[in-house]
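Please look over the sequence and the structure before reading on.

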Amino acid sequence: MPVSIDIKTKSQIEFIDITSNIQQAVDRSGIKEGVCYVYVPHTTAAVTINENADPDVIRDIITRLNEIVPLDGNYRHAEGNSAAHIKASIVGSSETIFIEAGRLVLGTWQSIFFCEFDGPRSRRAMVKIVSG
Ligand code: ZN
């Protein structure tokens, strides 16, 4: 069974560092060598891995995504959140991280970010850890 991580987003668009939540799931699994899959079961949210050191990197990603996919556009989807759907597809719904010695293998500057594009909402990320 995958582990489900509850996430409460506070803004319409924000990236939330969930690395410690994912590492906690790895710790609880007891698996020392393997693969960790993070999957976001939403159509207007996503997951990505990027820099955690300079918060301007995430701000720049969000700014540029908003330029590429503006909130108001000539969209047909009646719910009014097409921009969020498009951003979610651009960023993607899953990440794969290796596990070595019980730790997520991430570069010095990398974190795993939950990406909200249509908040605030109650969300979740799913984590599946496979030994091997
Ligand atoms: Zn929609």
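Leaving aside its neighbours within four places in sequence, which residues is Ile22 in contact with?

The model described here is predicted. In this model, Ile22 is in contact with Ile5, Cys36, Val38, Leu104, Ile112 and Val127, once neighbours within four places in sequence are set aside.

Ile22 also belongs to the largest nonpolar core, which has 21 residues. The residues with the most contacts inside this core are Ile18, Ile22, Cys36, Val38, Leu104, Ile112 and Ile129. Two or more residues each are given to this core by β1 (3–8), α1 (19–29), β3 (34–39), β4 (45–51), β5 (94–100), β7 (110–116) and β8 (122–131). Another core, of 11 residues, lies apart from the largest one; among its members are Ile58, Ile62, Leu65 and Phe113.

## The aromatic cluster

The count of aromatic pairs comes to two. In one of them, Phe15 and Phe113 are tilted, with 6.5 Å from centre to centre and 45° between the planes. Phe15 lies in strand β2 (residues 14–17) and Phe113 in strand β7, so this pair ties together parts that are 98 residues apart in sequence. Both Phe15 and Phe113 are buried.

The rings of Phe15 and Phe117 have their centres 6.0 Å apart and their planes at 85°, an angle over 60 degrees, so this pair is edge-to-face. Because Phe15 lies in strand β2 and Phe117 in the loop between β7 and β8, the pair ties together parts that are 102 residues apart in sequence. Together, Phe15, Phe113 and Phe117 form one aromatic cluster.

The relative accessible area of Phe15 is 12%, so Phe15 counts as buried. For Phe117 the relative accessible area is 2%, and Phe117 is therefore buried as well.

## Leu71 in its loop

Where does Leu71 lie? Leu71 is found in the loop between α2 (55–68) and α3 (82–91). Its relative accessibility is 40%, so Leu71 counts as partly exposed; the range for that class runs between 20% and 50%.

Not counting residues up to four places away in sequence, Leu71 touches Gln12, Ile13, Ala83 and Lys87. Leu71 and Ser29 are 42 residues apart along the chain, and their C-alpha atoms are separated by 40 Å.

Terms used:
Residues numbered from 1 in each chain as written. Predicted model: local features only at pLDDT ≥ 70, side-chain atom pairs only at ≥ 80, totals over all residues. Heavy atoms only, no water. Helix = DSSP H or I, 4+ residues; strand = E, 2+ residues; numbered from the N terminus. Buried < 20%, exposed > 50% of the residue type's maximum accessible area, 1.4 Å probe, protein only. Contact = heavy atoms within 4.5 Å. Core = buried A, V, L, I, M, F, W, Y, C linked by side-chain atoms within 4.5 Å. Phe/Tyr/Trp six-rings, centres within 6.5 Å; stacked < 30°, edge-to-face > 60°.
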